[in-house]
Amino acid sequence: MAEVAEGWTSRRTSLVLSTAGLVADAYDIAIINLVRPSLEVEFGMMTPFEDGMITGATVAGAIVGQVLFGVAADRLGRRPVFIMTSALIGFGSIACAMARPGFLGLSVYNSLGVCRFVLGLGIGGEYPLSAASTAENMSSKTSGQALALTFSGLAVGQVIGPILVIVLDGGLSLSAEMVWRCAFGFGAALAAVMAVLRILFLEETAAYRQQQEVEQQAETGSADASDDHWAQLAALRAMPRSMAGCAGSWFLYDICTYGVGQFSTVIFPAAPGVETAKILLIITTFAVPGVIGAIMLTPLVCMRQLQMTGAFLMLTCFVVLGMMSSFKGVSDAHRSLALFVFATLRCFDTMGPGVTTFAIPGQIFPTRIRASAHGLSAAAGKVGGVVGIFIFPYLREWEGMQALMRFMALVCAATLGWTWCFTPSYGPAQLDEIAQHNGGVPIERQAAIAERMLFEAHSKREAEPFAPVLAPP
């Protein structure tokens, strides 16, 4: 962050490769939404369990990957683990493209679930790596905007999928089988390109190198300077409120965003192929102005304020959707209105909690535990995603779509309240102070100092509620 002294070219390369990695991640996560109708044309309708399993397998894998590779990145470095995650994504994607009945001795849906779990391991690792690498290659003043730019890769990746399916199905008129196989294969190609580029051009972050140098010089001194994972665990425990704020808000937010986002083709059913892709293209395109808004607002609005604003606007959209009578079997005007509100929800999602839940844990934790803390927070989010994914089919079947939307509105309200209680309000000054203690004190003490600084600033801002909204200090 403030201590980083790398050249602009190196920082720009790291930013581009981190962002491009999230483009591939978003594509691989969202593609199941597009190919689900094609799979059902070839292999029959999925049961509610198969529907939840094939969608949730990637998220379940991401939970493991986020924790595993987040910890590994703090111990082995950002660069080598970044390369590993790209390779794992490529392997999982090509396995999905090769799935068939009897593959791995399972039905096609079960084998896809296994393959997408492996894919999820790599995707999960990308989250803490992208955040840590971006934050450590930028100054405290620009890290928020850089993290928002990195997060924009997720929105871009979600747009690529519908465009590809429109080309494959509408332009090339491929069969349903070729559409879903090529769609999965394209994800493997993206991952392969990313792995090669990272091998050739990605450098270790200066902050991590400096931290390692300090530890090597002091390895005969304090135990904290050794590569002791117990010291890292103690440091994480020294920031309980920050961890609760990051992990809890991400958990609640992902119940909503995955609970409806992974079932867009169920909420707005359409013919397989081009028609399905058109619906998703409309929804995902609305996410783009949300990301642009986040990039423009992060230098002006503190992350906590942005998260709360976005959660409130999402709540409003869910309430409106919960008041609508139905999303199918109605007039075109009614369906178009529902689609517009749902797409607007995606805009507020990416402008608010989408970017802030990703950015905050990438900023506030010390270098030595940054990737671990981000990975744990992201994993908590994906646990919420699994909850949302498995709730959706059953709640829709038992209570109907409107009750489901009202439930999501309640979850947004809970996200708003949790953010108010546990997420710190901070600015570049606090991030610079935290960075100044890198290597100078034992990591557990540094974490305790960071926690105190963050919430002292938080209390001061709460005492002056209109001061923190613009131009954080």
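**Terms and values in a predicted model**

Among contacts in the protein chain between residues at least 6 apart in sequence, 86% join residues at least 24 apart, a contact being heavy atoms within 4.5 Å. This is a predicted model, in which local features need pLDDT of at least 70 and side-chain atom pairs count only at pLDDT 80 or more, while totals for chains, interfaces and linings use all residues. Residues are numbered from 1 along each chain as its sequence is written, and side-chain values use heavy atoms, with hydrogens and water left out.

Q: How many helices and strands does the protein chain have, and what makes a run count as one?
A: The protein chain has 18 helices and zero strands. Helices (H or I, at least four residues) and strands (E, at least two) are DSSP runs, numbered from the N terminus.

Q: What span is expected of helix α6, and what span does the helix reach?
A: The expected span is 1.5 Å times one less than the number of residues. Helix α6 covers residues 176–201, which is 26 residues, and reaches 38 Å from its first C-alpha to its last, close to the 38 Å expected.

Q: Why is Phe342 called buried?
A: Buried means under 20% relative accessible area, exposed over 50%, and partly exposed in between (1.4 Å probe, protein chains only). Phe342 has 1% relative accessibility and therefore counts as buried. Buried residues make up 59% of the 473 residues in the protein chain. In α6, those that are buried include Trp180, Arg181 and Phe184.

Q: What makes a set of residues a nonpolar core, and which members of the largest one touch the most others?
A: A nonpolar core is a set of buried Ala, Val, Leu, Ile, Met, Phe, Trp, Tyr and Cys residues joined through side-chain atoms within 4.5 Å. The largest has 111 residues, of which Leu39, Tyr127, Phe184, Phe318 and Phe342 touch the most other members. Not counting residues up to four places away in sequence, Phe318 touches Cys256, Val260, Leu345, Met405, Met408, Ala409 and Cys412. Apart from that core lies another, of 11 residues, among them Phe69, Ala72, Val81 and Leu202.

Q: Why is the pair of Phe151 and Phe358 called tilted?
A: Rings of Phe, Tyr and Trp (its six-membered ring) pair if their centres lie within 6.5 Å; planes under 30 degrees apart count as stacked, over 60 as edge-to-face and the rest as tilted. The structure holds 10 aromatic pairs. The ring centres of Phe151 and Phe358 are 6.1 Å apart and the planes are at 45°, so this pair is tilted. Phe151 lies in helix α5 (residues 140–171) and Phe358 in helix α14 (residues 353–364), so the pair ties together parts that are 207 residues apart in sequence. Both Phe151 and Phe358 are buried.

Q: What makes the pair of Phe268 and Phe342 edge-to-face?
A: The angle between the planes is 70°, with 5.5 Å centre to centre, and the pair is edge-to-face. Phe268 is in the loop between α10 (264–267) and α11 (274–297), and Phe342 is in helix α13 (residues 332–351), 74 residues apart.

Q: How do you know that Arg78 and Glu136 form a salt bridge?
A: A salt bridge is a side-chain nitrogen of Lys or Arg within 4 Å of a carboxyl oxygen of Asp or Glu. The side chains of Arg78 and Glu136 meet at 2.5 Å, N to O, in a salt bridge. Arg78 lies in helix α3 (residues 78–97) and Glu136 in helix α4 (residues 108–136), so the pair ties together parts that are 58 residues apart in sequence. By this rule the count comes to eight salt bridges.

Q: Why is Glu177 called partly exposed?
A: Its relative accessibility is 32%, so Glu177 counts as partly exposed. Arg181 is buried, with a relative accessible area of 18%. Glu177 forms a salt bridge with Arg181, the closest N and O atoms being 2.9 Å apart.

Q: What makes Lys382 a charge over the ring of Tyr127?
A: A charge sits over a ring if NZ of Lys or CZ of Arg is within 6 Å of the ring centre and within 35 degrees of the ring normal. The charged end of Lys382 sits over the ring of Tyr127, 4.5 Å from its centre. Lys382 also meets Asp254 in a salt bridge (3.2 Å, N to O).
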